[in-house]
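Here's a quick tour of some helices and the charged pairs around them. Have the model open while you read.

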Amino acid sequence: EESDEEDPEESMQGGRTSARHIKWPVQEVLSRTQVVKQIVDDLLQLMQESLSESFMPVLQPGIGVGSTFEGWSPYEPDDVIYHVLVPLKPPTGHTFHLQWGTRGSMPAKHSYILVEVECTCEIQNMPCSVHHSRKHPKRMKQAPSLLDTLCTNSYLDVEKIAEWFQCLAKEAWVALPQAHYYEMKVLPYSQRSCPMKLKSAYKKSTLFIEILFGVQQGVSDIFLSSQSTGGTNTPSTLWIKNYLVAEGKFFSHVARQVPHGSFHLKCLHLCTSILDNTNFTPYMFKTVVMHLLNTKPMSGWCRRECVMRLVDILKYLHCCLEQKKLNFFFGNGKMPQEIILPPDFHTSEPHNLLHHLVQSPAAHAEALRQFEKI
């Protein structure tokens, strides 16, 4: 069993020495995630209370997603954006229906969310949106309608959801205890989320939080989220399939299995911190590392084998580049049992992160050149 004591003879071994000298700024990031989670939880609780008797979407507890909540980050602490996914449930008398590829040529990773109303006449003291109960004519007239305010042509509208949530957040913030310690500003750069800047009133520090919205696919860990596709013409009613919750559960599973220490995360941090002036993304390296974590013995992810794991990461990435194919969840029969995937997930067309290389020989050649540079 590996010891934390430095052995003079072992200190000359490249793997152990290199692992000790990997810059690891994530401790401050991890401590901030706890602060962020508490702030968002308190904010959502106040917002839920204000919406308790409305016909607006039901806000569920936020889920911290992305690298910062997985225990690593490719960025310096002051440059980190903390992402929190807020699941949306339909209010009483409404249902959400996911529609895949029913409106034109739509990729399988995208969906529209149809909102339908249901009869609630049998629910005591609940006005019915279908039959306009005579018992509550004034309430039915005054209550904002989900279909009228947050939908476009009966489909849940991401941009309307974001604008609605941003207004609620501003109103609720002033009642939070944290308002005495942070100055909160909703930033204008996104129409599909709620980006917030929290500036400390007592310390020279700033937190950047981006709240995303999601609708769960069945009872699985896959969500349709408000994330942007990166394009400029994304329809406001289009929702993007999101694996971040499942990925977070995967990293939690790995943390319970690997030898003491976080050397798999340090390897990931090191690889993703040298991508400047390349077209490679941290998410590509994250996908590669998840594959290796799921296929190699966990005992190999320790300090003395750090360099070998870095070699494995680069070898596998090179193999993916040559095949122009990279994905993780699709076709992977070794998923931990706690990760819940939709029944048809393994038969669906996989989302290839290197699809752009298939379409462009020039991009493929450039990717191989940049790989050699890395």
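Lysine 286 and glutamate 247 are both buried, and they pair up in a salt bridge with their closest N and O atoms 2.7 Å apart. This being a predicted model, take the distances as computed ones. The pair ties together distant parts of the chain: lysine 286 sits in helix α9 and glutamate 247 in helix α7, 39 residues apart.

Helix α9 (residues 282-295) is mostly covered, with 10 of its 14 residues buried. Among them are Met284, Phe285, Val288 and Leu292, along with Lys286 itself. The cover over those buried residues includes α3, α7, α8, α10 and α11.

Next up is α10, an 18-residue helix (residues 306-323) that reaches 26 Å from its first C-alpha to its last. Its buried residues include Cys306, Leu310, Ile313 and Leu317, but also the charged Arg309 and Asp312.

The whole structure has 10 salt bridges, and here are three of them:

| Salt bridge | Closest N to O |
|---|---|
| Lysine 286 – glutamate 247 | 2.7 Å |
| Arginine 309 – glutamate 305 | 2.8 Å |

In the second pair, arginine 309 is buried at 9% relative accessible area, while glutamate 305 is partly exposed at 28%. In the third, glutamate 366 and arginine 369 are about one helical turn apart because they lie three residues apart in helix α12. Glutamate 366 is partly exposed at 27% relative accessibility, and so is arginine 369 at 47%. Salt bridges with shared partners also join Lys296, Glu305, Arg309 and Asp312 into one network.

Note on methods
Residues numbered from 1 in each chain as written. Predicted model: local features only at pLDDT ≥ 70, side-chain atom pairs only at ≥ 80, totals over all residues. Heavy atoms only, no water. Helix = DSSP H or I, 4+ residues; strand = E, 2+ residues; numbered from the N terminus. Expected span 1.5 Å × (residues − 1). Buried < 20%, exposed > 50% of the residue type's maximum accessible area, 1.4 Å probe, protein only. Contact = heavy atoms within 4.5 Å. Salt bridge = Lys/Arg side-chain N within 4 Å of Asp/Glu carboxyl O.
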